[in-house]
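This briefing covers charged side chains and how they pair. Please look over the sequence and the structure before reading on.

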Amino acid sequence: MEQIQHTFERIEKKYVLTEASAARVIDRLLPYMEEDRYGRHTIRNVYYDTPDYALIRHSVQKPVYKEKFRLRGYSSAGDAQVTFAELKKKYKGVVYKRRVAGSAEEIDLLLRGGWLEGEDAQTQREIHWFLNSYRPMPRVFIGYERDAFFGREDPLLRVTFDRHIRWREDRLTLAEGDDGTLVLPDDPIVMEVKIAAAAPLWMARMFSELGVYPTNFSKYGVCYLRHIAPFFLTKERTLTC
């Protein structure tokens with residue numbers, strides 16, 4: 001578990017790009033940033049929510065405070081690897097992420113109320129509180145390929161590019177492959193800039209010159225609004241009539 005970051009406090013800005021615009025941005029980033037040692041890798045997430053999707057329904061209303069819980073794995077599903085249980089909160093634009101890491105069996109123990117040796121006790125208490133309060137269940141799988149870059153002078157400055165964002169509602173486990181249906185038919189690239197405070201001046205100038213501007217984008221939120229809400233809300237209205 002060495003060198004795994006477990007806590008984050010940062011500002012995250014998202015941008016929706018085409019392949020061509022992403023290539024231009026990467027070309028301009030390279031004098032200041034370098035690709036991380038993993039290269040392009042697959043990220044797999046299972047998002048937890050209530051039976052009526054209360055967490056994401058609250059989140060898409062853009063409240064001052066919101067939170068979500070997910071399991072995350074990196075690389076291919078069949079690889080032996082660490083599984084992360086992540087509690088992510090956002091308050092007034094600042095993202096606070098706490099996570100614990102373990103084998104699939106250890107994370108399953110955590111989800112059932114157990115405790116992991118060697119992992120932060122406060123983070124585990126927060127996860128237990130969240131699970132006991134909301135009683136969430138696995139609701140959506142979202143996977144994608146990621147290229148990540150970090151600053152040459154400031155390693156905490158990170159820029160990621162996520163491609164082929166896909167989802168499914170069945171096989172809601174990290175062990176069941178990473179296939180799914182594209183969340184958006186035009187298959188955009190989602191770039192995310194992760195910074196401790198303000199973006200460096202060179203980056204702000206570069207984005208302005210390239211006509212690249214931030215937007216609100218949540219992978220789970222877009223997935224819910226486009227693919228789940230139309231059917232879920234229709235079903236809900238039918239049941240209450």
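Arg-163 and Asp-147 are both buried, a term that means under 20% relative accessible area, with exposed being over 50% and partly exposed in between (1.4 Å probe, protein chains only). The model is predicted, so local features need pLDDT of at least 70 and side-chain atom pairs count only at pLDDT 80 or more, while totals for chains, interfaces and linings use all residues. Residues are numbered from 1 along each chain as its sequence is written, and side-chain values use heavy atoms, with hydrogens and water left out.

**Salt bridges around Asp-147**

- The structure holds 20 salt bridges, each being a side-chain nitrogen of Lys or Arg within 4 Å of a carboxyl oxygen of Asp or Glu.
- Arg-163 and Asp-147 form one of these salt bridges, with their closest N and O atoms 2.6 Å apart.
- Because Arg-163 lies in strand E8 and Asp-147 in strand E7, this pair ties together parts that are 16 residues apart in sequence; strands (E, at least two residues) and helices (H or I, at least four) are DSSP runs, numbered from the N terminus.
- Asp-147 also meets Arg-40 in a salt bridge, at 3.0 Å from N to O.
- Arg-40 sits in the loop between E2 and strand E3 (41-49) and Asp-147 in strand E7, so the pair joins parts 107 residues apart in sequence.
- Asp-147 has a relative accessible area of 8%, whereas Arg-40 is partly exposed at 49%.
- A network of salt bridges links Glu-19, Arg-40, Asp-147 and Arg-163.

**The Glu-34 and Arg-152 pair**

- A salt bridge joins Glu-34 to Arg-152, and their closest N and O atoms are 3.4 Å apart.
- Glu-34 is in strand E2 (residues 33-35) and Arg-152 is in the loop between strand E7 (137-151) and strand E8 (158-168), so the pair links distant parts of the chain, 118 residues apart.
- Glu-34 is partly exposed at 33% relative accessibility, and Arg-152 is partly exposed at 47%.

**Arg-139, without a salt bridge**

- Arg-139 is located in strand E7.
- Arg-139 is buried yet has no salt bridge, and Asp-49, the nearest side chain of opposite charge, is 6.2 Å away; here Lys and Arg count as positive and Asp and Glu as negative, with His and the chain ends not counted.
- The Arg-139 side chain makes a polar contact with the side chain of Tyr-53 at 3.3 Å.
- A polar contact is a pair of N or O atoms within 3.5 Å; within protein, one must be able to donate a hydrogen and the other to accept it, and residues adjacent in sequence count only if both atoms are side-chain atoms.
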